[in-house]
Amino acid sequence: MSGTPVTTAAIVLAGGRAQRLGGADKAQVVVDGRPLVEHVLAAVGDCHPVIAVGPADLARTGVRVVREDPPFTGPAAATLAALPLVSAAEETWLLACDLPQASALMSILSVVPIPADADGIVAVDGEGRMQWLAGRYRVSALQQAAGTIANADGASMRALLGGLRLHPVRADGATIDLDTWEAIEDYRRSREQRSTP
């Protein structure tokens, strides 16, 4: 007999300075015909609630926008700003806004339950690196981790998540993130080549 379905929220981080993009709004960079953040928001459309952390222009039906205070104090601060809004869910996706293959990534991770002895599952790229902003976490574990952060301003993701028990899942190409112009142009070229007969 199957158990009660797990309630799953989503936190999308889309409010950084994008220094490696010269300060451009990374969330709004267009790839595959739409802004990067739209790929991620489309992928989490069945989650509830969906929280986007960043500027007010991220607001749309089904998406609640919050901002870390003060702004631009890093992804850990952004995660902590969103966390109170997902407290009713059992699990939450934690995703960067620059994942053009977010749907494929979630398809891979969504079929893997979080093991009983783990706090979350995290995508591992082709080089074996855990991608903390491409994972699904127990909300209770994130809340406990948040309690260890005395000052969110400038706190690192390692400080927030480094102590969690994370189950790695190979996702290879689906983990691609586009945080430099070189990576964006390489990705665009590769997509154009695939679509060319």
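Guide: A residue is called buried under 20% relative accessible area, exposed over 50% and partly exposed in between (1.4 Å probe, protein chains only).
Guide: The model is predicted, so local features need pLDDT of at least 70 and side-chain atom pairs pLDDT 80 or more, while totals for chains, interfaces and linings use all residues. Residues are numbered from 1 along each chain as its sequence is written, and side-chain values use heavy atoms, without hydrogens or water.

Visitor: How many salt bridges does the structure hold?
Guide: The structure holds ten salt bridges (a side-chain nitrogen of Lys or Arg within 4 Å of a carboxyl oxygen of Asp or Glu). Side chains of opposite charge can pair when their charged atoms come close.

Visitor: Take Arg60. With which residue does Arg60 form a salt bridge?
Guide: Arg60 is paired with Glu38, and 2.1 Å separates the closest N and O atoms.

Visitor: Where in the chain do Arg60 and Glu38 lie?
Guide: Glu38 belongs to helix α1 (residues 36–43), whereas Arg60 is in the loop between β4 (50–53) and β5 (63–66). The two are 22 residues apart, and the pair links distant parts of the chain. Helices (H or I, at least four residues) and strands (E, at least two) are DSSP runs numbered from the N terminus.

Visitor: Why does Arg60 count as partly exposed?
Guide: Arg60 counts as partly exposed because its relative accessibility is 27%. Glu38 also falls into the partly exposed class, because its value is 24%.

Visitor: And α1 as a whole: how many of its residues are buried?
Guide: Six of the eight residues of α1 are buried, so the helix is largely enclosed by the rest of the structure. The buried ones are Leu36, Val37, His39, Val40, Leu41 and Ala43.

Visitor: Moving on, which residues are linked with Arg129 in a network of salt bridges?
Guide: Asp125 and Glu127 are the partners of Arg129 in that network. In the salt bridge of Arg129 with Asp125, the closest N and O atoms are 3.0 Å apart. In the one with Glu127, they are 3.1 Å apart.

Visitor: Is Asp125 buried or exposed?
Guide: Asp125 is buried, with a relative accessible area of 7%. Glu127 is exposed at 62%, and Arg129 is partly exposed at 46%.

Visitor: New topic. Which charged end sits over the ring of Phe72?
Guide: That is the charged end of Arg67, placed 4.7 Å from the centre of the Phe72 ring (NZ of Lys or CZ of Arg within 6 Å of the ring centre and within 35 degrees of the ring normal).

Visitor: And which residue lies over the face of Trp93?
Guide: Arg136 lies there, at 5.4 Å from the ring centre of Trp93.

Visitor: Now Glu91. Where is the place of Glu91?
Guide: Glu91 is in strand β6, which covers residues 91–96. Glu91 is buried, because its relative accessible area is 8%.

Visitor: What distance separates the C-alpha atoms of Glu91 and Thr8?
Guide: Those C-alpha atoms are separated by 4.8 Å, although Glu91 and Thr8 are 83 residues apart along the chain.

Visitor: Is Asp117 buried or exposed?
Guide: Asp117 counts as exposed, because its relative accessible area is 57%.
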